[in-house]
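Here is a short report on one protein model. Look over its pockets and one of its helices.

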Amino acid sequence: MLVNFLIYSKVVKAIVELQRDFLDKGINYLKPMTQKQIADIVGIHESTVSRAINGKYVATPRGLFELKFFFQSGISNKNGNEFSAETIKNLIKKLIEEEDPTNPLSDQKIADILKEKNINISRRTVAKYREECNIPSTIKRRRY
């Protein structure tokens with residue numbers, strides 16, 4: 001039991017170190033991270049990390065999160081900056097909140113705007129993330 005707690009605390013400490021910017025500054029700073037990265041830092045097997053985080057939560061200054069939340073996929077830009085899927089979804093939500101309701105942004109236009117911000121993402125990925133956020137298509141968002 002003590003061994004499990006020690007492993008758990010080492011895993012949480014490694015997650016906090018890698019996600020410090022997110023914890024200090026917010027969702028736009030959440031970095032992509034894998035269980036393998038944490039396993040390498042802590043010096044344990046990847047499956048041990050999986051067991052250590054399964055069903056566990058952590059209270060942070062940003063709220064209560066399941067530990068699995070921190071293991072996000074993402075993309076890198078040519079400057080070497082990494083963006084998690086949650087960060088990109090947040091940016092898409094923000095763009096849609098600020099759009100003109102009589103002329104809503106298409107998925108392609110959103111992809112183009114993100115590309116201007118050095119986030120290379122396809123139109124299909126924008127559509128996927130938009131749907132995951134339960135945001136309707138351009139046609140359904142249009143107000144006359």
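What volume does the second largest pocket have? The second largest pocket has a volume of about 160 Å³.

## About the model

This is a predicted model, in which local features need pLDDT of at least 70, side-chain atom pairs count only at pLDDT 80 or more, and totals for chains, interfaces and linings use all residues. Residues are numbered from 1 along each chain as its sequence is written, and side-chain values use heavy atoms, with hydrogens and water left out.

## The second largest pocket

Its lining is N4, F5, I7, Y8, T48, R51, A52 and K56. Helix α1 (2-18) gives the most, with four residues. Both α1 and α4 (46-53) supply at least two. By type, the lining holds four nonpolar, two polar and two charged residues.

## The largest pocket

The largest pocket has a volume of about 210 Å³. Among the lining residues are E82, F83, T87 and L91. Four lining residues are nonpolar, three polar and three charged.

## Helix α5

Helix α5 covers residues 85-97. At 1.5 Å a residue, its 13 residues should span 18 Å, and its end C-alpha atoms are 18 Å apart, so the two agree. The expected span is 1.5 Å times one less than the number of residues.

How values were computed. On a 1 Å grid over the protein atoms alone, a cavity is a set of points where a 1.4 Å probe fits but cannot get out, and a pocket is an open set with protein on both sides within 12 Å along at least five of seven lines; lining residues have an atom within 4 Å of a point. Grid points are joined across faces, edges and corners, and a volume is the space filled by probe spheres set on the points. Ala, Val, Leu, Ile, Met, Phe, Trp, Tyr, Cys and Pro count as nonpolar, Asp, Glu, Lys and Arg as charged, and the others, Gly among them, as polar.
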